[in-house]
Amino acid sequence: MTDREMRIDELIDEEEALTDKQKKIIVSAIESFAEKGYSATSTSEIAKKAGVAEGTIFRHYKTKKDLLLAIVAPVMAKFVAPFIIKDLNKVLDQDFEHLEDFLKAILENRRDFLVKNLPIVKILLQEIPFHPELKDLFKDHIALKVYERFEKIVEHYKANGQIIDIPAYSVFRLSLSTIFGYLIARYMILPEADWDDEAETERTVQFILHGLSGLNSK
């Protein structure tokens, strides 16, 4: 059993345990969709990678779209979302006196998550724009839960004067788009570049910090 199969196995409730073949199909689908994209991946490729007959897949899923929604989507909802929420809570549950320290902790936390879960993150980014079902899944299971916590933190920093008086959703959008823009470039678009992670982290945080605090604004 591979490390990813072991990880999936640990996250499945006993009453919902998958067979070894089902787990292999899940792992293979994630790897193939992440590597080639949904459109360029065939069920025969997934079956070959999983070491099962293609008919085994179609006994459970009538089409490739069913495979994406019935295997990958629930994996995102049941396996990825708890990790995102639980992992991010390690940052959100801490008391950071300064906004700068909070932003650095968020960036480092998301960097660690991205590195450990790169294939599934790639699927999210690649397929969400093209599948409304995945977009709704991501919004309901991840985005809204994170935003509820983030909103309270924004109000805290606004109250002590560290964030200018703009809506929390704007702070959320501007901060996370900057952080994830850096991480996507670093690990997906130009991973081969000569990155100075420490310097880039500092530049990213300072860029956000100066905008949110209104420094040098007129």
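These are my notebook entries on one predicted chain model.

**Ground rules**

I number residues from 1 along each chain as its sequence is written.

**Confidence**

I checked pLDDT, the predictor's confidence in each residue, from 0 to 100. The chain has a mean of 84, with 86% of its residues at 70 or more. I flagged residues 11-15, where the pLDDT is below 50. Beyond near neighbours in sequence, that stretch has five contacts in the model (a contact is heavy atoms within 4.5 Å).

**Overall layout**

I counted ten helices and zero strands, taking DSSP runs numbered from the N terminus (helices H or I, at least four residues; strands E, at least two). Along the sequence I read α-α-α-α-α-α-α-α-α-α. Of the 218 residues, 43% are buried; here buried is under 20% relative accessible area, exposed is over 50% and partly exposed is in between, with a 1.4 Å probe and protein chains only. Looking at contacts with a separation of 6 or more, I found that 63% join residues 24 or more positions apart. The accessible surface comes to about 12,300 Å², and 54% of that belongs to carbon and sulfur atoms. Those areas come from the Shrake-Rupley method with a 1.4 Å probe; for residues, only the protein chains shown count as cover.

**Asp 87**

I looked up Asp 87, which sits in helix H5 (residues 64-92). Buried or exposed? Asp 87 is buried, at a relative accessible area of 19%. Leaving out neighbours within four places in sequence, I find Asp 87 in contact with Pro 82, Asn 109, Arg 110 and Phe 113.

**Helix H8**

Where does H8 bend? H8 covers residues 132-159 and bends by about 40° at Lys 139, the bend being the angle between axes fitted to the seven residues ending there and the seven starting there. Its buried residues include Leu 134, Leu 137, Ile 142, Val 146 and Tyr 147. After H8 comes Gly 161, with a positive phi near 80°.

**Aromatic pairs**

I searched the whole structure and got seven aromatic pairs. My cut-offs: rings of Phe, Tyr and Trp (its six-membered ring) pair with centres within 6.5 Å; planes under 30 degrees apart are stacked, over 60 edge-to-face and the rest tilted.

Phe 33 and Tyr 38 make a tilted pair, 5.6 Å centre to centre with 50° between the planes. Phe 33 is buried at 0% relative accessibility, and Tyr 38 is buried too, at 12%.

Why is the pair of Phe 150 and Phe 172 edge-to-face? The centres of the two rings are 5.1 Å apart and the planes are at 70°, so the pair counts as edge-to-face. This pair links distant parts of the chain, with Phe 150 in H8 and Phe 172 in helix H9 (residues 168-189), 22 residues apart. Phe 150 is buried at 6%, and Phe 172 is buried at 17%.

I also traced a cluster in which ring pairs link Phe 96, Phe 102, Tyr 147, Phe 150, Tyr 157 and Phe 172.

**Charges over rings**

I used this test: NZ of Lys or CZ of Arg within 6 Å of the ring centre and within 35 degrees of the ring normal. Lys 64 lies over the face of Tyr 38, 4.5 Å from the ring centre. Arg 186 lies over the face of Tyr 187, at 4.5 Å from the ring centre.

Key. Predicted model: local features only at pLDDT ≥ 70, side-chain atom pairs only at ≥ 80, totals over all residues. Heavy atoms only, no water.
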